[in-house]
Structure formats: structure tokens, C-alpha cells
Amino acid sequence: MNSKTIFQKLGMLIVMFSVFFSVSATDFSFNNIQFRIISVEDRTVAVIGVDVNKKNLQAVSIPDKVVYWGKTYRVTTIGGRTFADCSALVRVSIGNSVTTIGEEAFYNCDALTSVMIPKGVTSVGTSAFGGCSTLESIDVDSENENYASYDGILYNKDKTSLICCPGAKKIVNIPSSVTTIEERAFYDCDSLTSVMIGDSVNLIRPRAFYDCDALTSVTLPDSVITMGWSTFYSCDALTSVTIGNSVTAIGEKAFYNCDSLTSVTIGNSVDCILPRAFYDCDSLTSITIPNSVKSIRSGAFSFCNALTSVTLGDSVTTIGEEAFYGCMSLKCVYNLNKTPVECNPGFHDKVITSATLYIPTGTLAAYQQVGPWRDFWNIEETDFSSIEDVDSDKVGIRVSVSDGVVSFDGLTGGEEIVVYDMQGKVVYHGTETSISKLPSGVYIVKVGGETIKFVI
């Protein structure tokens, strides 16, 4: 063996020894818990795992201190996902030296019912206790200067930010002090059926209510200005949504795969509906885009299979690629814009040949020059100005449709009811609180000085 080969092998051994020494010098176990040294000088370590099968771990006690090679270290950190998927874990004790609980540290610990945040914790990562389906309360030591607990829910100290709701909560009334609902605050809260969002909340961060399978309805008050992406992603039981009048944009995938959603009221400050906001909401039958909206992005309503009627406000200047792709049931498209927008919303051939496109009076020639509108077989000009703007957020009456019968609730009795079609023609005038035999379509009802739009 020549000297060059000897030195090459010696170098490899040195590298292997260095790697081994580095790992063995920073990672170690103590009482079945795995630790990693953060700082030799500060004598601090982080919890990074366990030495047993996670599915069998029933209890864990994180100490204040551990000893390694004759030196004492303070346990200051619980690493991200350290105890994630410990499905049998029922008891957790966290030492007072811990200052940081990492992202998803206890994610999906299905048997955990309660947890106490010690006084020294200064940082709790996103969704640290997310997916814990039987977790009833997250408590905080009263001496903690950064966090507080109210009704078992984790907040920052002054309760202006809601950080984490335990997965077993069914009904939540958010305190009036809260201005921000943090990212993934209600992530995977499968038991949550009702949440009352106070009128002090102005910011809802991304994925705040992601995958809340039992949540049936939600109202975003006018105080809410911003809602993040995937806010209500895959909330399977969500049937009704009211978006307040201060929200400027409906976030990307905000209601993605909410397949029970039948009613959406969009506030009059929304400027943009971002990509796939209502993707695969296959129970949604009608949508009205208010005049404030300028942009409908790609895939916004793709695969809304039950959608029969769409009303586009007069300010829409951009309609993204395949915004209505897969909406096979569309029968009526009301486009209030006097200037047709060239776009490719992905209307199916069936919609192009059988649905009716309603456009403002005097704009037929312009629409016949621009795709995809020129491709519609059935185009009708309509005097939309004959119908006053609908101020649905102030409506006290309620309209329901069942088996072709339209019922009006919230009346005191004897009020004069007038129903118009979208061409401004009166189709009913009287005092009966239920009417029938109206053809499919979109209608406006006026009663007692109030106006509301409904679809059959």
C-alpha cells in the first residue's frame, strides 16, 4: 500500500471519527428521553425524542435538569414534533426550566386531556397542541409573564391573541379583548360546532380553522380586515358563511373543499377573491360577487358542481384561468359589467350551449366580440339598473326554498311582498308568506323596506 492510499484512508477514518464524536457529544438519553445539547457554555439542552415506541408512551415527565458526562444541563426546549403522534400519552409534566415549546411538539396526542404551561415558558410554537382530539384544557401557571389561559384556551398574556384552542372544545366565545386569531389556532378541532368571533377581531391568520369538521356556520364581523389562506380549509360541515364588510380579500383556499357549504354572503369591501378560495364547494348553488370585487383569481370556484347561478359585479376586471372549471350545473350567468372582460374561466361546453348569459342592455355587440362570452348560445340583454342594490347585511327577513316553494320568515304579518326576476319584471305581489311555481333562477324580494336576493 503506497503512502497516498494510507493518507486517504487515514483521512476517511478521521472524518468518520469526527462525525461520530460530534453526534455522541451532542445527543444523549436520560430516563428514556432523548436530549440534544444546545450550548455547552450555557449548559442548556433540548428534548428531541423518546427511546420507546411513541404509540406506547403513556406518561412523560420533562425534568428541570439532566446530567451528562458529569455536567449538569438545564432543559430549556421541547423540540418541534418531539411527542407528535404519541397516541397513548395521557399525562405530561413540563419542568419549570423550559422556555420554549416547539411547533407541533404534542401534535396529534389523542389521549391527552390537559396540560400545564409552566411559568418560565416564553415561546409556544404553532399548533403545539394541535390535533389533540380529547384535550379539554391548556392551563398556564399564573406567574407566567407571556401567556394566559381562559376557559381552557391558550392566549397571550393580555388576551389580545388567541393562540391555541384544545381539540375537545365544542363551543367557543372569543373574548372582546382578542384582536388576532393566530395561525392554526383551531387547527383540526374536530369537536368544534360553534364559534362566536367578537367584533374586536381584525386579523385571522392562515389555517386558523383548518379541518374543523363539525363547524356548521361562521360569521366574520365587520371588524375583520384580513383572513389568511386556507382559513376554513376542509371544514366539511360548514353550511353558511357571512363575510363582513371590512374584509378586503378572501384568502387562497379559504373555503377549499367545504363540501356542505350552501350559503355565502360576501361583504361589500372585498376587492379580490384569491385562487381556489371556494374550490370543490360542491353544495354551493348560487354566488353573488358584489360590485366591490375587481379580481376573481384562478380556480376560485372550480368544481362547485351544484352551482346553478353566478352574478358577477360590474367592477370585475380580471377573471383567472379556470375560475369556474367543472361547474357543470350552471344555468344562469349574470354579468353586470358593461365592458366584457376577456378571460378563460373554463366554462364547460354544456354551460356554453345550455346556460343563459345575462348582460347589460346595449352591450350585446361588445360581448359578441370577446371570449368566452361570444361563445354562449343564449345571450339576453337585461336592464340591471331596474333592480336596486341589495343590502343583504341589514336584512331581517329570511328566505328559504324547499321543493320549489319559497317561504319568507321574520315577518310580523300582513306586509306587502314584491318579487322581481333579474330583468326587473314583477313575478309576485301580495301578502302570502309562501309562494310556488316560480321557474329556476335568481330573484329579488322587497318587503318592509328591505331587499334580499334568492335563488331557486
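How many cavities of 30 Å³ or more does the structure hold? The structure holds one. This is a predicted model, in which local features need pLDDT of at least 70 and side-chain atom pairs count only at pLDDT 80 or more, while totals for chains, interfaces and linings use all residues. Residues are numbered from 1 along each chain as its sequence is written, and side-chain values use heavy atoms, with hydrogens and water left out.

**The cavity**

Rolling a probe the size of a water molecule over the atoms shows where empty space is left. Here, a cavity is a set of points, on a 1 Å grid over the protein atoms alone, where a 1.4 Å probe fits but cannot get out, and lining residues have an atom within 4 Å of a point. The largest cavity has a volume of about 30 Å³, counted as the space filled by probe spheres set on the points. Its lining is made of Leu 312, Val 316, Ile 319, Asn 335, Asn 337 and Val 341. Four of the lining residues are nonpolar, two are polar and none is charged.

**The cores**

In soluble globular proteins, nonpolar side chains tend to be buried together. A nonpolar core is a set of buried Ala, Val, Leu, Ile, Met, Phe, Trp, Tyr and Cys residues joined through side-chain atoms within 4.5 Å. The largest such core has 71 residues, and Phe 186, Phe 209, Phe 255, Ile 273 and Trp 373 touch the most other members. Among the elements that each supply at least two residues of this core are strand E13 (153-156) and helix H2 (349-354). Apart from this core lies another, of 40 residues, including Phe 28 and Tyr 68.

Leaving aside neighbours within four places in sequence, Ile 273 is in contact (heavy atoms within 4.5 Å) with residues including Ile 250, Phe 278 and Arg 297.

**The cysteines**

With a disulfide taken as a pair of cysteine sulfur atoms within 2.5 Å, the count comes to zero.

| Cysteine | Nearest cysteine sulfur | Distance |
|---|---|---|
| Cys 164 | Cys 189 | 6.9 Å |
| Cys 189 | Cys 165 | 4.4 Å |

Buried means under 20% relative accessible area, with a 1.4 Å probe and protein chains only. Cys 164 is buried at 6%, and Cys 189 is buried at 1%.

**A serine in a loop**

Ser 302 lies in the loop between strand E26 (295-296) and E27. Is Ser 302 buried or exposed? Ser 302 is buried, with a relative accessible area of 3%. Beyond its neighbours within four places in sequence, Ser 302 is in contact with Phe 278, Tyr 279, Asp 280, Glu 322, Ala 323 and Tyr 325.

Terms used. 1 Å grid on protein atoms, 1.4 Å probe; cavity = no way out; pocket = protein on both sides within 12 Å on 5 of 7 lines; lining within 4 Å. Nonpolar A, V, L, I, M, F, W, Y, C, P; charged D, E, K, R; others polar. Buried < 20%, exposed > 50% of the residue type's maximum accessible area, 1.4 Å probe, protein only. Helix = DSSP H or I, 4+ residues; strand = E, 2+ residues; numbered from the N terminus.
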